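Dear colleague,

Please find the structure below, handed over for your records.

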Amino acid sequence: MRRAIKVWGAIMKDGSEITENTENVVSVTCHPDHSVTTTDKNYSEKKWNGEWISYNPRYN
């Protein structure tokens, strides 16, 4: 991966999942450094602890 991409959800190294169904999450972004950020309905971004190991990409 060479750039950040919007995804439907990400599975983290600790086994947890971050999806658009997670409370207060509107969009999920996976980054090339294996970090995950989410955006809420107020356009505030949050960086999550840990690294993603898998994600479900959006196909437009």
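**Findings**

Residue K47 belongs to strand β5, which covers residues 45–48. Please note that the model is a predicted one. With a relative accessibility of 57%, K47 is classed as exposed, because the cut-off for that class is over 50%. Beyond its neighbours within four places in sequence, K47 makes contact with S35, V36 and T37. Its C-alpha atom is 15 Å from that of E23, a residue 24 positions away along the chain.

S27 is located in strand β3, made up of residues 27–30. Its relative accessible area is 12%, so S27 counts as buried, the limit being under 20%. When residues up to four places away in sequence are set aside, S27 touches K6, E20, T37, T38, T39 and R58.

Searching the whole structure gives 1 aromatic pair. It is formed by W52 and Y55, whose ring centres are 5.0 Å apart; the pair is edge-to-face because the planes meet at 80 degrees, and the cut-off for this class is over 60. Of these two residues, W52 is buried at 8% relative accessible area, whereas Y55 is partly exposed at 29%.

Two charged side chains are also placed over rings. K46 sits over the face of W48, 4.0 Å from the ring centre. R58, already named among the contacts of S27, lies over the face of W8 at 4.7 Å from the ring centre.

Yours sincerely

Technical notes: Residues are numbered from 1 along each chain as its sequence is written. This is a predicted model: local features need pLDDT of at least 70, side-chain atom pairs count only at pLDDT 80 or more; totals for chains, interfaces and linings use all residues. Side-chain values use heavy atoms; hydrogens and water are left out. Helices (H or I, at least four residues) and strands (E, at least two) are DSSP runs, numbered from the N terminus. Buried means under 20% relative accessible area, exposed over 50%, partly exposed in between (1.4 Å probe, protein chains only). Contact means heavy atoms within 4.5 Å. Rings of Phe, Tyr and Trp (its six-membered ring) pair if their centres lie within 6.5 Å; planes under 30 degrees apart count as stacked, over 60 as edge-to-face and the rest as tilted. A charge sits over a ring if NZ of Lys or CZ of Arg is within 6 Å of the ring centre and within 35 degrees of the ring normal.
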